[in-house]
Amino acid sequence: MSDILAITGATGKKSGGGIVKILSAHKDEVSTKLPGGVRALVRCTSNTSKIDESLLHFEKMYGELTDSIFLEQAFQGVDTVLHISGLTLTPNIVDAAVKCHVRRLICVHTTGIYSKYKSAGENYRIIDSYVEKQCQDNNIALTILRPTMIYGNISDNNVVKFIKMVDRLPVMPVVNGARYVLQPVHYMDLSEAYYSVLMKENTANHNYILSGGEPISLRDMLSEIGNCLGKKVLFISCPFPVAYAGAWVLYLVTFKKKDYREKVQRLCEPRAYPHDDAKRDFGYSPRNFEIGIVDEVEEYKVHRG
């Protein structure tokens with residue numbers, strides 16, 4: 001092994017760009033810990049400007065994570081893989097890691113595994129089981145990281161939707177008063193966590209929840225967004241049975257083409273999870289939503305014009 005770190009998702013819009021910033025900020029420590037360097041697996045169409053401008057040198061390898069031949073080439077001589085690109089691709093990653101005798105695998109998955117609804121959680125659990133067995137059978141040290149809802153920039157594809165709704169709608173439609181709790185996590189807090197896990201060997205063979213600072217209800221999240229936009233948010237609430245019945249009607253009248261039934265169910269599913277293990281093992285200390293949302297709303301204002 002030449003102590004190479006391979007990263008997938010380094011150019012990703014959600015949390016990938018953050019890890020490039022963190023690695024660059026700690027370039028001396030990274031160079032000492034990983035003398036073989038850092039190898040970024042990127043698509044031919046990816047915007048690599050952040051990698052190219054980084055103070056830390058990245059070796060770029062172009063290809064698709066669905067291509068087993070490419071992955072086996074990319075993992076030659078690799079000691080550790082940090083996989084950020086998404087859990088549906090993890091089986092491909094672990095298969096290539098096994099063939100290339102990778103020592104350590106760090107995978108960014110999701111707290112969606114804990115959902116009580118079948119389609120939201122079952123596929124995640126199947127993938128997790130496969131990856132865990134492959135690593136156990138082949139002596140790969142595995143760490144699975146489970147972020148909650150990611151936010152922090154307008155590419156998050158999560159909270160930015162709420163920002164647009166609060167900005168554009170005179171009244172905010174919600175289900176059951178939007179009083180269920182979430183614990184969204186800022187993408188830079190995630191990047192700090194990825195780096196800490198990477199640098200600390202005691203995190204190998206552990207799984208960690210990476211949630212935000214404190215639980216917050218969706219109602220309070222929307223109100224905080226309104227405060228940042230200088231708007232008072234007015235809510236109109238629909239009872240869950242009515243919303244769920246509406247989802248059923250849409251499902252039937254579209255001949256099963258539009259199925260929002262489980263999405264409506266998950267609207268009222270609490271998704272706040274403690275991060276005590278991460279705090280204990282590597283000092284994880286994420287920011288609260290009311291602090292983290294400010295910059296994202298400001299970025300939204302700039303792009304909105």
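Trainee: In this predicted model, which residues have the most contacts inside the largest nonpolar core, and how many residues does that core have?

Mentor: The residues with the most contacts there are I7, L23, F58, Y194 and L210, and the core has 36 residues.

Trainee: What makes such a set a nonpolar core?

Mentor: Its members must be buried residues of nonpolar kinds, joined through side-chain atoms within 4.5 Å. In soluble globular proteins, nonpolar side chains tend to be buried together.

Trainee: Which element gives the most to this core?

Mentor: Helix 8 does, with nine residues. At least two residues each come from several elements, among them strand 1 (4-8), helix 1 (16-25) and helix 12 (276-282).

Trainee: With which residues is L23 in contact, leaving aside its neighbours within four places in sequence?

Mentor: They are I7, V30, L56, F58, Y195 and L198. There is also a second, separate core of 28 residues, which includes A6, M61, A74 and C100.

Trainee: Why is C100 counted as buried?

Mentor: The limit for buried is under 20% relative accessible area. C100 has 10% relative accessibility, so C100 counts as buried.

Trainee: Why is C44 called exposed?

Mentor: Exposed requires over 50%. C44 has a relative accessible area of 64%, and therefore C44 is exposed.

Trainee: How do you know how many disulfides there are?

Mentor: A disulfide needs two cysteine sulfur atoms within 2.5 Å, and by this rule the count is zero. The closest cysteine sulfur to that of C44 belongs to C100 and lies 19 Å away, so the two are too far apart for a bond. For C100, the nearest cysteine sulfur is that of C135, at 13 Å, and C100 is in no disulfide.

Trainee: What makes helix 5 mostly covered?

Mentor: Seven of the ten residues of helix 5 are buried. These are T90, P91, I93, V94, A96, A97 and V98.

Trainee: What is found just after helix 5?

Mentor: H101 takes a positive phi of about 60° there, although H101 is a residue other than glycine. H101 is in the loop between helix 5 (90-99) and strand 5. At 63% relative accessibility, H101 is above the 50% limit and so counts as exposed.

Trainee: What is the phi of N205, and where is N205 found?

Mentor: Phi of N205 is near 65°, a positive value in a residue other than glycine. N205 is in the loop between helix 8 and strand 11. With 56% relative accessibility against a limit of over 50%, N205 counts as exposed.

Trainee: How is the packing of two helices described?

Mentor: One gives the angle between their axes and the distance between the axes. For helix 7 (residues 159-168) and helix 9 (residues 218-229), the angle is about 60° and the axes are 10 Å apart. Their crossing is right-handed.

Trainee: Which residues make this contact, and how do they divide by class?

Mentor: Helix 7 contributes V159, F162, I163, V166 and D167, while helix 9 contributes L218, M221, L222, I225, G226 and L229. By class, there are nine nonpolar residues, one polar and one charged.

Trainee: Why does D295 count as exposed?

Mentor: The relative accessibility of D295 is 54%, and the limit is over 50%, so D295 is exposed. D295 is in helix 13 (residues 289-304). D295 and C228 are 67 residues apart in sequence and 9.3 Å apart in space, C-alpha to C-alpha.

Terms used
Residues are numbered from 1 along each chain as its sequence is written. This is a predicted model: local features need pLDDT of at least 70, side-chain atom pairs count only at pLDDT 80 or more; totals for chains, interfaces and linings use all residues. Side-chain values use heavy atoms; hydrogens and water are left out. Buried means under 20% relative accessible area, exposed over 50%, partly exposed in between (1.4 Å probe, protein chains only). Helices (H or I, at least four residues) and strands (E, at least two) are DSSP runs, numbered from the N terminus. Axes are lines fitted to C-alpha atoms, for helices over the stretch in contact, and angles run from 0 to 180 degrees between N-to-C directions. A crossing is left-handed if the near helix is turned anticlockwise from the far one by less than a right angle, and right-handed if clockwise. Contact means heavy atoms within 4.5 Å. Ala, Val, Leu, Ile, Met, Phe, Trp, Tyr, Cys and Pro count as nonpolar, Asp, Glu, Lys and Arg as charged, and the others, Gly among them, as polar.
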